[in-house]
Amino acid sequence: MKVRAEKPEDLEAIRRVNVAAFEREGEADLVDRLRGAASTFSFVAVESEQIVGHIFFSPVSIVQSGRSANVGECAGDLRVLGLAPVAVSPEYQRQGIGSLLIQFGLKECTRLGFKAVVVLGSPAYYPRFGFIPAKEKGLRCEYPVPDEAFMVLELESGALEGCAGLVKYRSEFNQLE
Ligand SMILES: CC(C)(COP(=O)(O)OP(=O)(O)OC[C@H]1O[C@@H](n2cnc3c(N)ncnc32)[C@H](O)[C@@H]1OP(=O)(O)O)[C@@H](O)C(=O)NCCC(=O)NCCS
């Protein structure tokens with residue numbers, strides 16, 4: 001099992017993995033819409049030369065509320081990513097591949113200088129990688145989701161201090177139902 005950055009020849013296989021894992025086209029379409037945008041990262045898990053898993057990161061912005069006291073408190077160069085989607089082919093799930101992809105991805109995001117990662121997903125899964133409810137850092141999701149499903153991981157301790165606000169994904173996410 002190997003995890004590496006996607007290559008141009010991987011695109012069809014990445015679509016297949018996402019469609020199979022989510023049982024719909026939405027996430028595969030989302031990845032195709034986002035690919036190539038600034039600060040997006042795409043990694044694949046390869047087993048016997050076959051792509052069996054995929055993870056994608058794209059930049060989010062934190063919109064601070066009108067409270068003037070907050071303006072400027074958040075470091076101007078704060079770089080935060082959203083983890084979405086992550087998918088493993090159904091026949092390869094529960095073998096640790098999702099964990100490998102997430103750990104590899106988070107390490108790369110850290111190496112590339114990003115300060116935090118948010119994720120919208122199962123509160124039973126992501127805390128094992130260090131994610132905590134984003135609400136604890138004063139971060140809210142732009143979508144109507146249960147508080148515990150929106151999580152954040154600081155890649156650098158204290159990076160989110162003074163950074164409370166509304167987290168907005170790229171507009172490409174709005175087309176995902
Ligand atoms: C989520 C996903 C990527 C995990 O990949 P994986 O390779 O199966 O994950 P791992 O083998 O590393 O981890 C399996 C563990 O995660 C748990 N888990 C996996 N997906 C979960 C989910 N959606 N909710 C809760 N727990 C989940 C399993 O119960 C298992 O727990 P255990 O180790 O206590 O038995 C994969 O299940 C998948 O593609 N699911 C469909 C797409 C999806 O829902 N993606 C996430 C959107 S946020």
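Helix 3 has 15 residues and spans 21 Å from its first C-alpha to its last, close to the 21 Å expected at 1.5 Å a residue. The expected span here is 1.5 Å times one less than the number of residues in the helix.

Two notes on the source. This is a predicted model, in which local features need pLDDT of at least 70 and side-chain atom pairs count only at pLDDT 80 or more, while totals for chains, interfaces and linings use all residues. Residues are numbered from 1 along each chain as its sequence is written.

Back to helix 3. Its buried residues are Ile97, Gly98, Leu101, Ile102, Gly105, Leu106 and Cys109. Buried means that 20 or more other C-beta atoms lie within 10 Å of the residue's own, exposed means 12 or fewer, and partly exposed is in between, with C-beta atoms placed from the backbone. Seen down the axis of helix 3, the buried residues fall within an arc of 160°, so they line one face of the helix. That arc is taken over the directions from the helix axis to the C-beta atoms. As background, an α-helix has 3.6 residues a turn, so residues three or four places apart point the same way. On the face of helix 3 turned away from the buried side sit the exposed residues Lys107 and Arg111.

What do the buried residues of helix 3 pack against? The partners are strand 1 (2-5), strand 2 (41-47), strand 3 (50-63), strand 4, strand 5 (116-120) and strand 8 (150-154). Contact means that the C-beta atoms of two residues, placed from the backbone, lie within 7 Å. Just after helix 3, Gly113 takes a positive phi of about 95°.

Next, the ligand. It is surrounded by 17 residues, and the closest are Gln93, Gly98, Ser99, Gly121 and Ser122. A residue is near a molecule if its C-beta atom, placed from the backbone, lies within 6 Å of it. The elements giving two or more residues to this shell are helix 1 (11-22), strand 4 (80-88) and helix 3 (97-111). Strand 4 gives the most, with four residues. By type, the shell divides into nine nonpolar, seven polar and one charged. Nonpolar covers Ala, Val, Leu, Ile, Met, Phe, Trp, Tyr, Cys and Pro, charged covers Asp, Glu, Lys and Arg, and the others, Gly among them, count as polar.

Strand 4 also holds Pro85. The peptide bond from Ala84 to Pro85 is cis, with omega near -10°.

Now the helix pair. The axes of helix 1 and helix 2 (residues 26-34) come within 7 Å and cross at roughly 145°. Axes are lines fitted to C-alpha atoms, for helices over the stretch in contact, and angles run from 0 to 180 degrees between N-to-C directions. From helix 1, Ile14, Arg15, Asn18, Val19 and Phe22 meet Gly26, Glu27, Ala28 and Val31 of helix 2. The residues of this contact divide into five nonpolar, two polar and two charged.

Arg15 of helix 1 is partly exposed, with 17 other C-beta atoms within 10 Å. Arg15 and His54 are 39 residues apart in sequence and 9.2 Å apart in space, C-alpha to C-alpha.

In helix 2, which residues are buried? They are Glu27, Ala28, Leu30 and Val31. Down the axis of helix 2, these buried residues fall within an arc of 160°, so they line one face of the helix. Their cover includes helix 1, strand 3 and strand 4. Just after helix 2, Gly36 takes a positive phi of about 95°.

Most residues other than glycine have a negative phi, and most peptide bonds are trans. In the loop between strand 2 and strand 3, Ser48 has a phi near 50°, a positive value. Glu49 is in the loop between strand 2 and strand 3, and its phi is positive at about 65° although it is not a glycine. Ser48 is exposed, with 6 other C-beta atoms within 10 Å, and Glu49 counts as exposed with 6 C-beta neighbours inside 10 Å.

Gln64 lies in the loop between strand 3 and strand 4 and counts as partly exposed, with 19 C-beta neighbours inside 10 Å. Gln64 and Leu166 are 102 residues apart in sequence, and their C-alpha atoms are 6.3 Å apart in space.
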